[in-house]
Amino acid sequence: SIYEMFGNECCLSTGEVIKVIGFKINKLIASICENNEVSQFSAKVELPLNFPGLYKVVADKTPYVSIEEIARTVSIGPTRFGHPCFYSSEDIKLATLTIKHGEQITFNSVEEVNGMMSVNCGVVRNNQSHSFTLPLLQEGKFYECEDDQIYTLKEIAEWKIPKCRNRIVKLSNTLHMWDSSNPLPENFDGCLILTPVYEVQAVMKFRKDIVRILSDLDVEVKDITDCYDISSFLQPLSLENIFERTSKEFPMAAEIMEGPSGSQKPCNLLYTGKEIIIYKKYQATRVLASEIRSDSPKRHFLIPMSYKGKFKRRPREFPTAYDLEIARSEKEQLHVVATKAFDSPHKELFSVSVGDQFLVQQCQTSEVLYEGRKKLIDVLACEQILSDTHKKVLLPMYMEGGFVEVIHDKKQYQLSEICKEFRLPFNVKVSVRDLSIEEDVLAAVPGLQFEEEITDYYLLISSASSPVESWEIPVYRLNMSVHLLNKDIQAVVPPVIKTTVEEISEEQYYMVRRYENQTLHPPPRPPKKPT
């Protein structure tokens with residue numbers, strides 16, 4: 001059979017041996033959904049996996065009849081997405097505890113326990129986690145729990161569409177302006193039924209890349225697994241697979257089977273056929289930064305602590321008095337100028353005019369007269385800067401005004417100094433670029449806001465042929481496949497690490513913030529007007 005792969009004709013000869021290594025969703029067919037059914041007026045549209053937008057998954061109403069069915073059809077694994085949650089319609093009595101009907105069960109991994117294949121599970125009660133196993137033979141009615149996370153289409157295709165089922169999703173954020181090339185209706189914010197179209201991933205004996213075969217290819221095959229030595233085939237591994245290996249297995253030599261896309265280093269150095277050394281796996285800190293601009297889209301960056309450039313401060317903007325309270329520090333007094341007028345409804349509190357300047361002092365409570373009754377409210381004590389004196393004033397914490405910071409600090413800071421001395425978010429611009437980077441992308445950005453420090457997962461690699469410098473590559477943002485080489489590694493100590501500022505897409509930015517904030521409580525809201 002002759003078929004087209006990536007624009008090239010490929011041939012599957014009679015008698016050729018293929019090792020199938022997996023099934024992957026190639027694209028999605030979407031239909032507009034009404035009441036969990038395809039709308040009769042909806043045309044089917046084809047969506048590529050990189051179609052922009054963020055989506056919420058709608059829980060499937062069809063139950064699973066056994067733990068085995070869940071393990072066979074739902075992705076369960078060690079990554080962020082591999083912990084699906086279900087509930088049982090009936091109580092499940094175990095030796096150590098009883099799982100109540102309707103109680104959320106998290107599925108963590110599948111493994112053999114006492115000679116029986118089982119799923120490691122957990123429930124949370126009174127902020128305490130309880131672990132247990134459920135055998136695959138366990139029967140019942142198991143329903144998906146509601147999922148409040150947001151996902152890209154690619155993430156949904158890889159982790160959130162069970163085998164042999166469709167998936168309903170709700171558009172949460174479009175991220176991009178609508179145009180005529182968008183297959184979805186303008187201003188669409190409803191639900192879609194996604195039907196996956198699969199491809200078969202395979203390796204062939206005399207090829208060093210991964211072959212993708214569309215599932216509707218008209219070709220007859222025969223299963224010869226039991227009578228063939230499959231160890232003679234290459235074993236492709238993703239970066240996630242490499243990261244799951246124990247630390248003792250590093251360093252290791254590998255050859256790239258599929259390289260990532262991208263023109264920036266190190267992506268342009270990681271091409272198919274290149275041999276690399278993978279020295280170690282680890283977690284590393286990055287500062288998430290966004291370009292300061294009023295229009296969108298903004299550019300977003302992950303900056304390593306090894307960045308050698310220097311920064312100067314830029315004024316921050318504060319929409320409310322409450323934001324001033326959050327931003328103030330013991331290290332220096334916050335000096336701001338008002339950009340929006342505010343007329344106080346209480347004579348005890350100050351009315352602000354555009355151009356008024358203040359030194360922020362502290363939060364306190366104050367008594368005000370409201371509808372003939374005295375009431376205590378939160379206020380921000382400030383000093384108004386007049387031409388020849390300072391005047392003590394009180395601003396209501398709920399005040400919706402506008403303030404811009406006045407910067408007196410002319411010092412140049414290293415990235416680590418800013419993270420140590422100041423509270424993020426923090427506005428800066430590059431004053432001295434990092435000379436160790438060929439093209440410092442941050443130097444061309446007029447203003448940056450450092451939003452938060454994040455921790456991410458990396459592999460440290462170098463070229464096997466000329467290991468003069470090493471690179472940190474992100475495990476979860478780089479699509480790359482390798483196979484391991486049976487070679488002795490001479491250089492156990494990696495060469496000097498090359499600093500890389502990673503520019504990330506809008507979708508990746510939301511994903512990074514989502515993961516980082518999963519364990520954080522939402523910030524307190526500013527006080528409301530007294531009622």
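This presentation covers the salt bridges of the structure and one of its sheets.

Colleagues, please note that this is a predicted model, in which local features need pLDDT of at least 70, side-chain atom pairs count only at pLDDT 80 or more, and totals for chains, interfaces and linings use all residues. Residues are numbered from 1 along each chain as its sequence is written, and side-chain values use heavy atoms, with hydrogens and water left out.

I begin with the salt bridges. The term denotes a side-chain nitrogen of Lys or Arg within 4 Å of a carboxyl oxygen of Asp or Glu. Across the whole structure, the search returns 22 of them.

One of these joins the side chains of glutamate 69 and arginine 165, at 3.5 Å from N to O. The pair links distant parts of the chain, 96 residues apart: glutamate 69 belongs to helix H1 (residues 67-73), while arginine 165 sits in the loop between helix H2 (153-159) and strand E15 (167-173). Helices (H or I, at least four residues) and strands (E, at least two) are DSSP runs, numbered from the N terminus. Glutamate 69 is buried, at 16% relative accessible area, and arginine 165 is buried as well, at 15%. Here buried means under 20% relative accessible area, exposed over 50%, and partly exposed in between, with a 1.4 Å probe and protein chains only.

A further salt bridge connects aspartate 456 with arginine 477, at 2.4 Å from N to O. Aspartate 456 lies in strand E30 (residues 448-463) and arginine 477 in the loop between strand E31 (470-474) and strand E32 (481-485), so this contact ties together parts 21 residues apart in sequence. Aspartate 456 is buried, at 4%, and arginine 477 is buried at 15%.

Six strands form an open sheet in the order E23-E28-E24-E25-E26-E27, with antiparallel pairing; two strands pair if DSSP finds at least two bridges between them. Strand E23 (317-320) and strand E27 (390-396) stand at the edges, each with a single partner strand, so one side of each has no neighbour in the sheet. Within the sheet, strand E25 (residues 357-370) and strand E26 (residues 373-385) pair in the antiparallel sense over 12 bridges. Glutamate 367 has leucine 376 in E26 as its bridge partner.
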